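Student: I would like to learn how to read a few features from a set of coordinates. Could we take them one by one?

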Amino acid sequence: MLAKYITVGAIAAFIALASRAFADNVHALDSESFDSVIGNKPTLVEFYAPWCGHCKNLAPIYEELGDAFSHKKDEVLIAKVDADEHRTLGSRYGVEGFPTLKWFPNGINSDPEDYSGGRDLDSLASFVTKKSGVRSSIKKAVISQVEVVTDATFDSKVTNSKKNVLVEFYAPWCGYCQGLAPTYEKVGHDFAKEKDVIIAKIDATVETASASKYGVSSYPTIKYFAADGTVVEYEGDRDEQDFIDFINKRAGTQRAAGGRLSHKAGRIAKLDLLAKKFAQASSGDKKAVSEEGIKVASKLQDKNASAKHYVRVFEKAAASPHFVASESARLAKLSESGTLNADKADDFSIRQNILAAFVVEEVKPDKEEL
């Protein structure tokens, strides 16, 4: 019976030891487990000392880092070593101060490099992603694009701003307002790139002067303050697309859900007709149609910046029959890469829209009925 208790106790002790080592997503290593756990996996290792103040400050951030890559433990590891206790490991890798962070690109089979970047979560995660190619699971907080206004700022941010401003007069306790909030945030994001459009809100239960001035008696009340000084009450439905359609019509914008430009952005009707004519022309006639298109587009460049893109497509498509397809594919790939800034993303959307004008869809014949 005693042997049974000893065996059970030994197993329990082993499980407890293993649990401590892997209780979180930062692998706690020692001299015996270091080589076997890391193996040939890319690994970031923190060599620390329990008494070190800087190490204590880093600890919670490093735990978050481990969590951020826990979904890809088969591809990258986040580990730590108590180098005060396991001094042979510290000595093996030239650790002289705490904390020391080292990146092992191919596990123990590679020479480690010192990490010298910031000790905040974003800096550490970006380093690991850059070195390993593994994306973290960190979800960055979404910054609100809805402007908060008060009685004191209403004139400067709304009525005298010379911008087109949609304002929601709300009450914090209002259920309808609470239900609208996520949609209204999306609308703010949708128009964040528009310099002349502002999506705003004001707590009408606190900022009572503005609410009274504009006759607000129920919540939410939504009003559109146009750049020319006119004020219109919004009475449409409250879905994201309803707000987008309303603002696009009033402000002359061409936004779509998600903040991208609509498929009509940048298109010029007169040039679209010539683009279609070019696409349908025979190979022998394309040069003449191209020259006509370039001539018309050149005259429009002073009035519409998109005209220059038509000029380029007419020139390139006349020289190469595959230009429209290859350029469309190239722009689509870059647009999906997530590396474009806001202005470049809009520019690419316009160019893709214009390229689409040069594509004539094949009309499939109706199937004959039996």
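This is a predicted model: local features need pLDDT of at least 70, side-chain atom pairs count only at pLDDT 80 or more; totals for chains, interfaces and linings use all residues.

Student: Which residues of α10 are buried?

Tutor: First the general idea: an α-helix has 3.6 residues a turn, so residues three or four places apart point the same way. In α10, the buried residues are L271, D272, L274, A275 and F278. Viewed down the axis of α10, they fall within an arc of 165°, so they line one face of the helix.

Student: Which exposed residues are on the face of α10 turned away from its buried side?

Tutor: That face carries the exposed residues A269, L273 and Q280.

Student: What do the buried residues of α10 pack against?

Tutor: They pack against α11 and α12.

Student: Which residues touch the most other members in the largest nonpolar core?

Tutor: This core has 26 residues, and L271, Y310, V313, V324 and F358 touch the most other members. Two or more residues each come from α10, α11, α12, α13 and α14. The largest share, 6 residues, is given by α12.

Student: What is V313 in contact with, leaving aside its neighbours within four places in sequence?

Tutor: V313 is in contact with A318, F323, V324, I354, L355 and F358. Apart from this core lies another, of 18 residues, including L44, L58, L101 and Y115.

Student: Next, the backbone. What should I expect of phi and of peptide bonds?

Tutor: Most residues other than glycine have a negative phi, and most peptide bonds are trans. Here, the peptide bond from F98 to P99 is cis, with omega near -10°. P99 sits in the loop between α4 and β4. Another cis peptide bond joins Y219 and P220, with omega about -10°. The loop between α8 and β9 holds P220.

Student: What is the phi of K162, and where is K162 found?

Tutor: K162 has a positive phi of about 60° although it is not a glycine. Its place is in the loop between α6 and β7.

Student: Is K162 buried or exposed?

Tutor: K162 has a relative accessible area of 69%. Exposed means over 50%, so K162 counts as exposed.

Student: Last, the cysteines. How many disulfides are found?

Tutor: A search of the whole structure finds 0 disulfides. As for burial, C174 has a relative accessible area of 5%, and C177 is also at 5%. Buried means under 20%, so C174 and C177 are buried.

Note on methods: Residues are numbered from 1 along each chain as its sequence is written. Side-chain values use heavy atoms; hydrogens and water are left out. A disulfide is a pair of cysteine sulfur atoms within 2.5 Å. Buried means under 20% relative accessible area, exposed over 50%, partly exposed in between (1.4 Å probe, protein chains only). A nonpolar core is a set of buried Ala, Val, Leu, Ile, Met, Phe, Trp, Tyr and Cys residues joined through side-chain atoms within 4.5 Å. Helices (H or I, at least four residues) and strands (E, at least two) are DSSP runs, numbered from the N terminus. Contact means heavy atoms within 4.5 Å. The arc is that of the directions from the helix axis to the C-beta atoms.
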